[in-house]
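Please walk through this model from its sheet to its charged pairs and its backbone. The sequence and structure come first.

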Amino acid sequence: MKKRAVEMSSGVYTYKHRCEGGFDIHEVYIKRSKFRVLFSYVGEIFLFANVLHALLLKESLCINSFWSISFAFVVAKCLKYKPVKKESLLIMPTFGVQLEQHFWSGRVHRQFVPVGKLLKPVLNEHVTPITCYWSLVLLLHSEDKLVRVFKKVYPPVKMMVPIWKALDAFTNYGGMGNSVALQPNPLLINISVDLKI
């Protein structure tokens, strides 16, 4: 049974959701910026030129050359292009969840989490002195670490909420139910109605 595909865009990210062959597929695409790729190459050339200049000087290396090399390294690192084309999540009823990273080079990295290890999906808010961003993680049975669903990208929270809802429905049904059919919890509705009075 094929359902209508859902799509939304925000900035450099595009979210697509579809159901095919019993799988619930959530994909986040990253738009490739030509300026970002160009700046990445400029940063690498800047680093290479500074290192070459410091090594080809006839004088010995001094503090200034170390500072310029370290500054060039920081600039190159900041301008580095992340070659991720898309990250996707496949919910496979009765089997588990597969996380995929597709790179522009054609390489694909896959990670499978069996249904028996899934405990709960969690939306985490990360606050740093400079920025605030959200990430979607999976809590696993008998493991100390969290598994991030999107490892290289940070899509906005409005794109992660439908994915979180699908994962939550999947884990609530023990991996047996339809992860797309979300039903409101009548207990939570009654509680919120009681609180308004």
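A residue is called buried under 20% relative accessible area, exposed over 50%, and partly exposed in between, with a 1.4 Å probe and protein chains only. By that scale Ser 88 is buried, at 2% relative accessible area. The model is predicted: local features need pLDDT of at least 70, side-chain atom pairs count only at pLDDT 80 or more, and totals for chains, interfaces and linings use all residues. Residues are numbered from 1 along each chain as its sequence is written, and side-chain values use heavy atoms, with hydrogens and water left out.

Start with the sheet. Helices (H or I, at least four residues) and strands (E, at least two) are DSSP runs, numbered from the N terminus. Two strands pair if DSSP finds at least two bridges between them. In general, strands of a sheet pair through backbone hydrogen bonds, either parallel or antiparallel. Here six strands form an open sheet with antiparallel pairing, in the order β1-β2-β3-β4-β5-β6. Strands β1 (6-10) and β6 (108-114) stand at the edges. Each has a single partner strand, so one side of each is left without a neighbour in the sheet. From one strand to the next, the twist averages 15 degrees.

Look at one pairing within the sheet. Strands β2 (residues 13-20) and β3 (residues 23-30) run antiparallel and are joined by eight bridges. Opposite Tyr 13 stands Ile 30 in β3. Helix α3 (residues 157-172) packs on the sheet. Contact here means heavy atoms within 4.5 Å. The helix α3 touches β1, β2, β3, β4 (84-92) and β5 (96-103). Its direction makes about 140 degrees with that of β1. For such angles, axes are lines fitted to C-alpha atoms, for helices over the stretch in contact, and the angles run from 0 to 180 degrees between N-to-C directions.

Now turn to strand β4. Both Glu 87 and Ser 88 lie there. Glu 87 is buried, with a relative accessible area of 0%. What does Glu 87 touch, not counting residues up to four places away in sequence? Its contacts are His 26, Glu 27, Val 28, Glu 100, Gln 101, Val 149, Phe 150, Lys 151, Lys 152 and Val 153. Val 28 is 59 residues from Glu 87 in sequence, yet their C-alpha atoms are 5.4 Å apart. With residues up to four places away again left out, Ser 88 touches His 26, Glu 27, Gln 98, Leu 99, Glu 100 and His 102.

Next come the charges. Side chains of opposite charge can pair when their charged atoms come close. A salt bridge is a side-chain nitrogen of Lys or Arg within 4 Å of a carboxyl oxygen of Asp or Glu. The whole structure holds six salt bridges. Lys 86 and Glu 27 form one of them, at 2.8 Å from N to O. Lys 86 lies in strand β4 and Glu 27 in strand β3, so this pair ties together parts that are 59 residues apart in sequence. Lys 86 and Glu 27 are both buried.

Another salt bridge links Arg 18 and Glu 20, whose closest N and O atoms are 2.9 Å apart. Arg 18 is partly exposed, at 26% relative accessible area. Glu 20 is partly exposed too, at 32%. Glu 100 and Arg 110 also meet in a salt bridge, at 3.1 Å from N to O. Glu 100 is in strand β5 and Arg 110 in strand β6, so the pair ties together parts that are ten residues apart in sequence. Glu 100 is buried, with a relative accessible area of 10%. Through shared partners, salt bridges join Arg 18, Glu 20, Glu 27 and Lys 86 into one network.

Some charges meet rings instead. A charge sits over a ring if NZ of Lys or CZ of Arg is within 6 Å of the ring centre and within 35 degrees of the ring normal. Lys 16 lies over the face of Tyr 29, 4.9 Å from the ring centre. The charged end of Arg 107 sits over the ring of Phe 103, at 4.1 Å from its centre.

Finish with the backbone. Which phi does Thr 94 have? Its phi is positive, about 70 degrees, although Thr 94 is not a glycine. Thr 94 sits in the loop between β4 and β5. With 41% relative accessibility, Thr 94 counts as partly exposed. Ser 142, also not a glycine, has a positive phi near 50 degrees. Ser 142 lies in the loop between β8 (132-140) and β9 (147-148), and is exposed at 80% relative accessible area.
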